Amino acid sequence: CDGVVVVGVGVGVGVSAGRNSSTAPPTPAPTTEREALGILDQLISVVGEASFQDGDSAHSKAGEWLINIDPQSLPPEADNLIQRYLLAVFYYATTVDKTWKSCNMPPLGDSPL
């Protein structure tokens, strides 16, 4: 009886995998409780999935920070979730070579980058 179940499952997987060969592979399952809340889906709905294709992009870094590091741990329904994410994108996009030292203009002779 076990052999029939295994064969049935194996055939079902093989048939379903061959049907939609043009679709992208499924994304990995969430690994933390915060990832399971659907925050990333909200971010993707605002900026598009392509923004997260490169793990080193400002969008990916900001999403990772917002979901897993941000001390505020905003819930998905927070009014300022998207605003906070976009500000984090701005930070990561403007912090290429070194981190910000202050919110003021750099001193004369100090390169902003």
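**Close-up views of a predicted model**

**View 1. Meet the largest nonpolar core of this predicted model.** This core has 13 residues, and those touching the most other members are Ile-39, Leu-43, Ala-62, Leu-66, Leu-81, Tyr-85 and Val-89. At least two residues of the core come from each of helix 2 (39-47), helix 3 (58-69) and helix 4 (81-93). As a general background, nonpolar side chains in soluble globular proteins tend to be buried together.

**View 2. Here helix 2 packs against helix 3.** The two helix axes lie 10 Å apart, at an angle of about 150 degrees, and helix 2 passes helix 3 in a right-handed crossing. Look for Ile-39, Leu-40, Leu-43 and Val-47 on helix 2, which meet His-59, Gly-63, Leu-66 and Ile-67 on helix 3. Sorted by class, this contact has six nonpolar residues, two polar ones and no charged ones.

**View 3. Now zoom in on Ile-39 and the residues it touches.** Setting aside residues up to four places away in sequence, Ile-39 touches Arg-34, Leu-66, Ile-67, Leu-74, Pro-76 and Leu-81.

View 4. Is Leu-74 buried or exposed? Leu-74 counts as buried because its relative accessible area is 10%, and the cut-off for buried is under 20%. Apart from neighbours within four places in sequence, Leu-74 is in contact with Arg-34, Ile-39, Asn-80, Leu-81 and Arg-84. Take Arg-34 as one of these partners: Leu-74 and Arg-34 are 40 residues apart in sequence, and their C-alpha atoms are 9.5 Å apart in space.

How values were computed
Residues are numbered from 1 along each chain as its sequence is written. This is a predicted model: local features need pLDDT of at least 70, side-chain atom pairs count only at pLDDT 80 or more; totals for chains, interfaces and linings use all residues. Side-chain values use heavy atoms; hydrogens and water are left out. A nonpolar core is a set of buried Ala, Val, Leu, Ile, Met, Phe, Trp, Tyr and Cys residues joined through side-chain atoms within 4.5 Å. Buried means under 20% relative accessible area, exposed over 50%, partly exposed in between (1.4 Å probe, protein chains only). Helices (H or I, at least four residues) and strands (E, at least two) are DSSP runs, numbered from the N terminus. Contact means heavy atoms within 4.5 Å. Axes are lines fitted to C-alpha atoms, for helices over the stretch in contact, and angles run from 0 to 180 degrees between N-to-C directions. A crossing is left-handed if the near helix is turned anticlockwise from the far one by less than a right angle, and right-handed if clockwise. Ala, Val, Leu, Ile, Met, Phe, Trp, Tyr, Cys and Pro count as nonpolar, Asp, Glu, Lys and Arg as charged, and the others, Gly among them, as polar.
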